Amino acid sequence: MKPGDVVTIHQLLGRISYFHTLLIEPALVSSGKPRAGEVCCNHMDTARYGQPDADAVLASTAWAVLGEIATTLGEHLCLCPDSDHRCCATCRIAASGAAIAQAWAVTEYRAYHRPLPAALLLLGCRTAAASRLALVFAQQYGTSCGTRTQAETPDTGLLPDSCDLPLTGELLALWQDPLAATRSPIVSWLNHCTNLNDIHRVLQQGGTRK
């Protein structure tokens, strides 16, 4: 991976952290404790840990911010039932990404005074974010985890875009192929918003600020 690619990844991780802290966290409604999710690939076979330990890999990388955010998301986060330091790092990135996408989508819907999103849309957001973030992480660190880096299969029609849920839509778009020369540009009008009410007003006006 080229140095420029690493810079791009760090910028996009920083964008997740910035928007979560500034826009999502003040309006976040988290309830319950993290739920049990799928078993990570390292725990599928307790006699063999084939992928890098999560704690060892993530502690020294910018990717750790995803885990820090995910721990605040309550039941949106679905952890490996045997979650410990031996979990696969790629699987943990996938779980964090899924939790962030779902929490953002639910928070945006509430903030914009819309009915809660359909279960299929939330599942699509979770699946797309998990797959896209895990794939980039695996490419950067050369892991071979096949559990979380398979091609995503959700119907793209189920995924929100920047005209519907601007933050969630941008998150999914920017991570679809972040290292491609033709990747979707950052929706710059979001940079001028200081809370979700600002975004709501723009949506009510039927446009976006440039």
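## Basis of the model

Residues are numbered from 1 along each chain as its sequence is written, and side-chain values use heavy atoms, with hydrogens and water left out. Because the model is predicted, local features need pLDDT of at least 70 and side-chain atom pairs count only at pLDDT 80 or more, whereas totals for chains, interfaces and linings use all residues.

## Helix H1

Helix H1 covers residues 3-24; helices are DSSP runs (H or I, at least four residues), numbered from the N terminus. Its 22 residues should span 32 Å at 1.5 Å a residue, and the end C-alpha atoms, 30 Å apart, agree with this. The expected span is 1.5 Å times one less than the number of residues.

Buried residues of H1 include Asp5, Ile9, Leu12, Arg15, Phe19 and His20; buried means under 20% relative accessible area, exposed over 50%, and partly exposed in between (1.4 Å probe, protein chains only). Seen down the helix axis, the buried residues of H1 fall within an arc of 145 degrees, so they line one face; the arc is that of the directions from the axis to the C-beta atoms. Pro3 and Gln11, on the other side of H1, are exposed. The cover over the buried residues includes H4 (64-70), H5 (89-111), H6, H7 (166-174) and H8 (196-204).

His20 of H1 has a relative accessible area of 3%. Leaving aside residues up to four places away in sequence, His20 touches Glu25, Pro26, Leu28, Ile69, Thr72, Leu73 and Trp104, contact meaning heavy atoms within 4.5 Å.

## Salt bridges

Four salt bridges are present, each a side-chain nitrogen of Lys or Arg within 4 Å of a carboxyl oxygen of Asp or Glu. One of them joins Arg15 to Glu170, with the closest N and O atoms 2.8 Å apart. Arg15 lies in H1 and Glu170 in H7, so this pair ties together parts 155 residues apart in sequence. Both Arg15 and Glu170 are buried.

Asp164 and Arg114 form another, at 2.6 Å between the closest N and O atoms. Asp164 is in the loop between H6 and H7 and Arg114 in the loop between H5 and H6, so the pair ties together parts 50 residues apart in sequence. Asp164 is partly exposed at 24% relative accessibility, as is Arg114 at 29%.

## Loop between H7 and H8

Asp177 lies in the loop between H7 and H8 and is partly exposed, at 43% relative accessibility. Its C-alpha atom is separated by 7.7 Å from that of Arg132, 45 residues away along the chain.

Key. Helices (H or I, at least four residues) and strands (E, at least two) are DSSP runs, numbered from the N terminus.
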